Amino acid sequence: MESLPLHVFIISSIVKILIVAHLLIIGVMAMIWSERRVSGWMQDRLGPNRVGPQGLLQPIADGIKFLFKEDLIPNHVDKPLYVLAPAMLLVPAMIIVAVVPFGSSMTIAGYEIPLQIADLNIGILYILAITSLGVYGVVIGAWASNNKYSLLGGLRSSAQMISYELTLGLAIIGVLMLSESLKLREIAEGQGANPWEWNFLIHFPAFLAFTTAVFAETNRLPFDLAEAEQELVAGYHTEYSSMKFAIFFMAEYMSMIVGSAVVVTLFLGGWHFFGLENIGGEGSVLAGLISFAIFFVKTGIFLFVFIWVRWTLPRFRYDQLMNFGWKFLLPVALSSIVVTGTLYIITKGNRLWIGVGNVVAAFIVVAIVAGMLAMDNNSKSAAQNTPAAAPLRGLDAVE
Amino acid sequence: MNPEMILFFIFGAVSLIGAIAVISFRHPIYSALSLIVTFFAQAGLFVILGAHFVAAVQVIVYAGAIMVLFLFVIMLLNLGTLSAKGALTGKLKGVAIILGILLAAQGIYIAVNALNNTEVGSEAAQEKAAALTNNPIETYDIGELLFSKYLLPFEVTSLILLAALIGVIVLVKRENQTEN
């Protein structure tokens with residue numbers, strides 16, 4: 001793709017930034033509505049349906065309520081950091097989307113404009129870098145609140161985010177090996193038009209590990225120990241009220257949306273769907289709009305999975321969370337790197353063999369780990385004659 | 001003044017202000033956060049130099065991992081505000097002054113040397129800068145260098161890291177056994 005003239009680049013970038021930023025905020029409102037409605041549907045109740053048709057205006061009513069509530073800053077907090085923390089969570093969630101390609105490209109007035117704000121050389125590393133910053137908002141908010149439940153929530157959350165970040169990074173390596181690029185646009189383009197050519201089949205274990213890690217990074221159930229109501233009141237945002245509290249929630253929904261978009265780009269074929277994205281000729285306005293719509297729908301379906309999982313799985317216990325992350329997800333992600341690399345050389349990049357090899361290796365790894373854990377538990381319970389509940393170590397000893 | 005120069009001055013100023021803030025704040029948490037700001041500004045400087053990969057690694061490793069652990073320790077130990085006295089006294093003060101002078105001398109030497117050997121703003125220098133900005137160093141190039149020219153240092157570094165990893169595990173295990 002030849003580079004655009006400077007003025008076209010600037011104008012198109014501004015337009016794209018405006019569209020994407022507003023879509024994100026509208027997406028947050030849509031998520032608030034759909035989470036409450038879908039939750040209601042799953043629990044066989046109605047959910048909010050009074051404000052506007054089907055309750056569609058409920059998020060606006062919520063927003064107005066938050067804005068008009070008294071903005072309380074408790075006396076015992078560290079004021080500058082207390083005010084800064086919600087922004088520190090919201091900004092990383094929002095700027096990741098800059099490198100996500102949300103469609104193919106459009107030719108407007110003779111210029112081919114890619115539907116992506118910035119196609120960085122290091123696209124995927126940028127995502128990892130910004131994701132690793134999200135933890136500051138939580139930690140600083142928790143600490144500045146000067147409340148022990150907040151601090152415990154913040155510590156839990158940061159330990160969890162650091163642990164699952166490893167899986168997040170390692171699960172991508174296999175994908176990078178096959179696409180031979182760090183640019184998100186090339187990764188999305190490298191996946192073919194049909195679903196069986198997408199990365200989630202070739203790297204199925206890595207896909208599961210990555211998705212799980214995304215759930216953990218967004219602090220969603222079953223990984224929401226940071227705000228476990230029964231234990232920690234509301235975790236790191238206990239002391240927050242009014243719009244500051246709302247910003248914490250907006251950040252959570254935004255990182256869900258962005259996380260889904262990243263999963264769709266890396267594993268679910270981006271804007272491809274059976275060649276539908278090429279209707280009207282490659283690079284035309286129609287094709288651009290259709291590819292954008294496909295990407296939009298895929299992200300929406302993945303967001304539904306987020307809500308679905310929330311009402312399907314109960315919350316993990318803290319030691320289960322750590323065991324799962326370090327003893328299952330991390331080895332599976334590592335196995336995907338080894339297998340993909342080895343089979344890529346042996347079979348000269350045959351996608352079928354790599355896909356099969358990945359699944360087999362993941363099964364073997366999980367079996368070995370489960371066997372070792374079972375043996376460990378047996379010897380422990382034989383020695384101490386106590387139930388095999390793992391003692392809480394490390395951080396929990398401090399808690 | 002081209003855009004790179006303007007960005008350089010912005011990032012340079014932010015980096016300096018952050019660095020001064022690290023040592024001027026009395027509270028360790030504020031100091032740690034200022035250090036993160038400095039790291040970010042330095043990542044920006046790397047991007048101007050065309051070293052995108054180094055910039056990303058700077059943020060991932062320093063801002064994303066090491067500083068989180070710093071914050072962790074500060075919060076868990078609940079370090080209070082440092083008093084005006086007490087931070088640097090006696091022998092420590094002498095050592096600090098000597099090290100500070102050494103570091104300043106080094107910095108001045110490098111700066112003077114660089115100014116003498118290259119003419120700032122000369123055409124050659126500008127061309128070099130433009131070439132770097134327009135052709136950023138690709139991650140591919142770094143990977144290839146690591147696995148060919150710098151293979152031995154790379155492997156030695158990984159061995160050191162592995163040794164550190166095993167050392168940590170051994171130390172933590174021993175502690176747990178004595179506890180039990």
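**Start with the whole chain**

Select chain A in cartoon view: its secondary structure comes to 15 helices and 2 strands (DSSP runs numbered from the N terminus, with helices being H or I of at least four residues and strands E of at least two). This is a predicted model, where local features need pLDDT of at least 70 and side-chain atom pairs count only at pLDDT 80 or more, while totals for chains, interfaces and linings use all residues. Residues are numbered from 1 along each chain as its sequence is written, and chains are lettered from A and ligands numbered from 1 in the order in which they are written.

Now color by burial: buried residues make up 44% of the 399 in chain A (buried means 20 or more other C-beta atoms within 10 Å of the residue's own, placed from the backbone). The C-alpha atoms fill a box of roughly 70 × 60 × 40 Å along the principal axes.

**Next stop: helices 6 and 9**

Select residues 148-179 (helix 6) and 204-217 (helix 9) of chain A; they pack at about 150 degrees with their axes 8 Å apart (lines fitted to C-alpha atoms over the stretch in contact, with angles from 0 to 180 degrees between N-to-C directions). That makes helix 6 of chain A roughly antiparallel to helix 9 of chain A (an angle over 145 degrees).

Show side chains at the contact (C-beta atoms, placed from the backbone, within 7 Å). Helix 6 of chain A brings residues including A:Tyr164, A:Leu168 and A:Ile172, and helix 9 of chain A brings, among them, A:Phe210, A:Ala213 and A:Glu217.

Notes
Parallel < 35°, antiparallel > 145°, perpendicular 65-115°, else oblique. Contact = placed C-beta atoms within 7 Å. Buried ≥ 20, exposed ≤ 12 C-beta atoms within 10 Å, placed from the backbone.
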